[in-house]
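Student: I'd like to learn how to read a protein model from its geometry. Could you walk me through one?
Tutor: Gladly; let's look at it together.

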Amino acid sequence: MGREEQIEEREVLDSIFPDEIQDISETEFRVSILLDVTNDDGDESEPPTILLKVLYPAEYPDEPPILDLLSPPQASPHPFFILTDDKDELLAGLAESIEENIGMAMIFTLVSTLKDNAEQLIASRQENARNIQEEKILAAEREENKKFHGTPVNPETFKTWREGFRKEMEELREKEEREEEIAEKKRNKGKEATVLLTGKQLWERGLAGKVDEEDDGDDLPAAVESLKVAA
């Protein structure tokens, strides 16, 4: 009875897969399964093809068929599907269908299940790749947007900025004064020279008014002396 059911199923499979099925022996054959894959923009890879190899044991369909998965010769690689890596997972995914259909012709059901599982596996990987790419784009946008957002201002950040600014200005002033002194010494060929300060520098150093006072004190005795001579 098992062999009669095998022959009957094989005839049905010939009518369903006229170009996809290939006999190996009276009890063994291969079914070529072309996966329906929608590629993302820029992905020009060809959809993968799986060869499902079926061997009828003597008691099939009362016992499970012996299955194997193969790649077609010179198959083009696909970025989201490598049969050698996915083979065990895909075969394991047929276990439930086999158990549910013991005692009945099941090869068409197994072909359909295998096709669906493989396509879902690829679609899941495509989705993961899109998510990773989108996250990279969002991360790049966040980094770019940071250029247009300064540090939020609050009393603490303003205080820190003000202290740093004052320190920077003081260092800059001292640097300019040193450079002026060095330049003046060079002009005098290394001799000690009196550096003339600007009004702003006199004021910053607290010397404003002192020079005038000293000058007034020096001129007063001379003026008094001249008065005495005139008398």
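Student: What is the order of the 4 strands in the open sheet, and what is their pairing?
Tutor: Before that, some ground rules. This is a predicted model, where local features need pLDDT of at least 70 and side-chain atom pairs count only at pLDDT 80 or more, while totals for chains, interfaces and linings use all residues. Residues are numbered from 1 along each chain as its sequence is written, and side-chain values use heavy atoms, with hydrogens and water left out. Two strands pair if DSSP finds at least two bridges between them. Here the order is E1-E2-E3-E4, and the pairing is antiparallel.

Student: Which strands stand at the edges?
Tutor: Strand E1 (21-25) and strand E4 (66-70) do; each has a single partner strand, so one side of each is left without a neighbour in the sheet. On average, neighbouring strands of this sheet are turned by 25° against each other, direction ignored.

Student: Which helix packs on the sheet, touching strand E3 and E4?
Tutor: Helix H2 (residues 83-92) does, and its direction makes about 155° with that of E4. For such angles, axes are lines fitted to C-alpha atoms, for helices over the stretch in contact, and angles run from 0 to 180 degrees between N-to-C directions. Contact itself means heavy atoms within 4.5 Å. H4 also lies across E2, E3 and E4, running at about 35° to E2.

Student: How many bridges hold each pair of strands, starting with E1 and E2?
Tutor: E1 and strand E2 (residues 28-34) pair over 4 bridges, and they form a hairpin with 2 residues between them. Two partners to find on screen are Ile21 with Val31 and Asp23 with Phe29. Moving along, E2 and E3 have 7 bridges, with Arg30 partnered by Lys53 in E3. Finally, 5 bridges join E3 to E4, where Leu52 stands opposite Leu69.

Student: Which residues of E4 are on its covered face, and which on the uncovered one?
Tutor: Leu67 and Leu69 make up the covered face, whereas Ile66, Asp68 and Leu70 are on the uncovered one.

Student: How do I read burial: is Ser97 buried or exposed?
Tutor: Buried means under 20% relative accessible area, exposed over 50%, and partly exposed in between (1.4 Å probe, protein chains only). Ser97, in helix H3 (residues 95-100), has 11% relative accessibility, so this serine counts as buried. Leaving aside neighbours within four places in sequence, Ser97 is in contact with Leu110 and Thr113.

Student: What does Arg125 touch, leaving aside its neighbours within four places in sequence?
Tutor: Arg125 is in contact with Phe80, Phe81 and Asp86. This arginine lies in helix H4 (residues 107-146) and is partly exposed, at 27%. Arg125 and Phe81 are 44 residues apart in sequence, yet 8.7 Å apart in space, C-alpha to C-alpha.

Student: Where is Glu20 found?
Tutor: Glu20 is in the loop between helix H1 (2-16) and E1, partly exposed at 32%. Beyond its neighbours within four places in sequence, Glu20 contacts Arg30, Val31 and Ser32.

Student: How many salt bridges does the structure hold?
Tutor: A salt bridge is a side-chain nitrogen of Lys or Arg within 4 Å of a carboxyl oxygen of Asp or Glu, and the structure holds 12. In one of them, Arg10 and Asp23 have their closest N and O atoms 2.2 Å apart. That pair links distant parts of the chain, with Arg10 in helix H1 and Asp23 in strand E1, 13 residues apart. Arg10 is buried, at 11%, and a network of salt bridges links Arg10, Asp14 and Asp23.

Student: What separates Glu177 and Arg173 in helix H5?
Tutor: Being 4 residues apart, they are separated by about one helical turn. Their salt bridge has its closest N and O atoms 2.5 Å apart. Glu177 is buried at 14%, while Arg173 counts as partly exposed at 25%.
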